[in-house]
Amino acid sequence: MKPQSFVRPRNLRLLLGAALLALSGLELASAQVIVQENFTGDSVTNSWYAQGGACLTAGDSSTPAIANGIGIPPCVGDPYYFSKSNGGTNPTNTSSQLPLVGLGSGSGTADPIGKGALRLTNGGTQSIQETGAIIAATPFPSTQGIQVTFTTYTYGGNAYYNGITDSGADGIAFYLMNGGPPADGSSYGTLSSKYPYYQIWNPTSASIGAFGGSLGYSCANGKSPSDGMPGGYLGLGIDEFGNYLNSIDNTATGIDQYLGLRNWSNNGRNPGEIGLRGYGAVTLPVLQMINPNATNTDVANVCANGGSYKYGGKTYNIPDYAGIFTNPATGANAYTILPSTQPISNQEDSSHNVSATRFAAKPITYKLVISPGGLLSFWYNYNNTGYTQVINQLDISTSNGPMPSAFYYGFGASTGGGTNVHEITCFEATPAARTIGAPVAPLTVSSNGFLYTLSSNQSPVQGYLNAYALTSSGTASTTSSWEAGALMSKNSTRSSSTLKSTASNGSAIATLATLASSNSAAFALSKTTCVPAVSNIVAYTVDPNTAAPSGCSQPYLGTRAAGSVLDAFGTGDYATLLSPPSSAADALLPNYLSYATTEKTRPTALLFSNDDGFLYSIDASTGALRWGWMPRSFLPQLQNYSSFPYADNFAGKFAVVDAQTTAGGNTTWGTYIVGSAQGGTLWYDLALDSSGNPSKVVTTFMPKVSSMPSNTQALPAGTTGYPQRQAPVIGNIGGSQYAAFIVNDSSSSTLVEFNVATGASSSATLPKSVGLVTSALDYDPSGGELYFGNGSGTIYVTSFSGSASVDVGNVTSLGTTEDSQPVIYIGTQTVKNLPYLWAVSTNSTTSTSMITVFGIGNTGWSPLWASGAGAAYTWGGSSWSKLASSSTTPASLQANAIISDAPRVVNGVLVVPAYVPPPSNTASSCNPNGEGFYDFFALSSGAFPSNTITQNGNYLTGNLDLGQGQAYTPNLSIGGSSLPVYGGTQQASSPMNPLLFTGASINQVVQWRVR
């Protein structure tokens, strides 16, 4: 008998527990597809099928019994681990259980709740020929790709010799199976179809692949049954014995044959190997499609000869879970053998292994990322020492065929003559793409409206802009109606005539094609083999898939995903809606209503910036590209295509504003986009025509260079940028619209103000007593005042008159935050006719945040309350008092929380985006992305606002867990009698159901002035 020969395990137990993402209470509201399981308790959150020895080490006789197959059983008392005979095949003694390695020295005591693991096989000297597996009961959609992380522990084995070292056996595998039809929509499942052997893994049959060296994924040459994984798409083997990738236990397509080493020592075993096997369909049902009388012997023979099956005078070539040994794009190995200093298993002397413990073993965390385009990257983190990449952007769709529309996934492990405890403590599956902000919400919720999300996949680089249809109640579909990047890639609208920049006079708009022919100097080309002419720059910019010139080894595509014309979205990118003019603040100004009437048919557009250096406009209803504009100063960088997308060129935000000019005694209105870029060292004022297309650049602010266009204005010498990424604030001053922003140099801050319609500007340095401004700028439109904060937590107010020198002379200090740390965000609001000011401060040394709220009385501003991570404070008139949090006193932020984005006030409720980072020991953390929350405070008191916010028809009674990743500032709309508020985190793949805030109107602006 081969030492790795195994019998088929008991039937799968169907675990029909809570549905995917079925979290308790209000967490059900999130529509994002994130699966998290830590297996440390006596029950599980998600739905799993269990097989063989799969059990929870924290479970015991007190664990609720499995009802109707729901749940993973406890290890203590699990009949699978009762005493065995006949070579370890069948339980015969149901009165005593085998020693459970690592649990109370084998005495049968369960791990404490929260300290357990998912055990797939036991260890020790008696636990030979064991198998265990779990498979998710609900498929995971592949449209946004998938990222999987999990942590394993392997220990407590019998030191079985594999020919090279004492490793025990056999290993752990992670599986991805077809959970739906091919994503390309092809027919499948019949011999005449495009994919004749394509199977969808069937949860009701719950069959997986062969065991032993096959690790439950591939077919086997000499076992019964020999079937591989039905519908198997990808199997990741973590192989301590060394048989997974060879052809001894498994298919003929092994690494030993790939390397030409069929007869090498140890029968091709590679202990400590991590590798992939691909798509396979060598199963009895598939063979019976060809020959109804096929048997298991036929399956074993087909597996042994590499998938070839001869029947009826024909030869059928069936995919056989072939090993994936190299990345064709790079030539690099697609497998790795861990060094002897990093053994997968932790072998103890056989006489002591019952006393082995999980926490004496070395945890290994694995991360597998598959992009929506089918490019796979893989890393491992050994004993919390940091991630090592094994595979980079392997195109699995080439070797495996198209990705399915969804994946089933799961784990398996096995032992033979050698044993090991195989355990998993943490697992998560998320979309590969990451969002960069809360969804862009329409001004008014309607049944034909959309919410828009910007997201990115970083490996390979690709950006996505998805539109999700809204119901009349404001709930977003979980399925995208369209994705602008895909539309842009498939149609011809993205062209050199659609993409624009600015002519040499700094004002006129010109297409890239025009600039290339008439003003090629704008590109400042330094000729290379890969970029020999300006025409190459334009061709690549229009279509990144453009073939490289002869002799150029580096593709123009660089690190961008094949077929993608959108680059990644970075944290500096931004999006907003451009609707027809509808400003209530301008309604009484001359000629505005006639302008709004004329422009009411202007199509609504979605404006967004991207790391490819363009500000885009797309049709907000269809996603069709209308235009893209790039600042002229970006053009010389385009030839550096490998680094250009990482320059964060559009690091900033922008605003849309209607503004008027009164030249010649006539009042003329127009719409403008005013924004910042390059960290605040570039500010632009872009005028639009009546169709919403760019017509001219009114003015640009940037550091002085030798030759500036006449309409470009120099920022102060030594400008390093703005304190926080934001658009200029806009105010109505004497019937004209002015923008204001602050920039810093190494020692001072400068206030700049300019007329949006004309570009006329003024600037002045803030008083030395202010020091450097660290916060975003806030504007009170009714009071006509600007607010900002500095590095020591001091809040300042000044006028906004259109003259920077006048306003700098009016700067006044209002107070200081509780922690006296740098102010990051600031805002003003009135609630029930009482004014409030809030400020977020952050200590970069300790990574802690504080929000301080001020009110105003007869003597001016005064602090009211403050909240930090796990602590709350009230102001006693001269000092702060720390209080215990309760429903009537200021509440604290989440424990260990950092305020991750600007808060927003909605109907008197302060909504604070909070982020709880993962523990410093990220490899053993079950949430390596951290967790995002919305913390809610009544602005006046700091208490939790009861009976104010609903979601899915239920009142919120606590802070909202948004899911993994940093939380973003929520966006709001108007809908019926409530205000729908939409939020999200970095990990969100689709919008959450809206929070509904009671009240029929948006908060009033502050109606007061302070001097």
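Two strands pair if DSSP finds at least two bridges between them. Strands themselves are DSSP runs labelled E, at least two residues long, and helices are H or I runs of at least four, both numbered from the N terminus. With that settled, to the model.

This is a predicted model, so to speak: local features need pLDDT of at least 70, side-chain atom pairs count only at pLDDT 80 or more, and totals for chains, interfaces and linings use all residues. Residues are numbered from 1 along each chain as its sequence is written, and side-chain values use heavy atoms, with hydrogens and water left out.

First, a sheet. Six strands form an open sheet, in the order E27-E26-E31-E30-E29-E28, with mixed pairing. Which strands stand at the edges? Strand E27 (509–511) and strand E28 (575–578) do; each has a single partner strand, so one side of each is left without a neighbour in the sheet. On average, neighbouring strands here are turned by 25° against each other, direction ignored. That angle is between axes, lines fitted to C-alpha atoms; in general, angles run from 0 to 180 degrees between N-to-C directions. E28 pairs with strand E29 (605–609) in the antiparallel sense, over four bridges. Leu577 has Leu606 in E29 as its bridge partner.

Next, Gln462. This residue sits in strand E24 (461–469). Buried or exposed? Gln462 counts as buried, because its relative accessibility is 16%. The cut-offs: buried is under 20% relative accessible area, exposed is over 50%, partly exposed is in between, with a 1.4 Å probe and protein chains only. Leaving aside residues up to four places away in sequence, Gln462 touches several residues, including Ser455, Asn457, Ala561 and Asp567. Contact there means heavy atoms within 4.5 Å.

Now two loop residues. Asn384 lies in the loop between strand E18 (375–382) and strand E19 (387–395). Its phi is near 65°, a positive value in a residue other than glycine. Asn384 counts as partly exposed, at 32% relative accessibility. Asn591 is in the loop between E28 and helix H8 (592–598). Asn591 is not a glycine either, yet has a positive phi of about 70°. At 43% relative accessibility, Asn591 counts as partly exposed.
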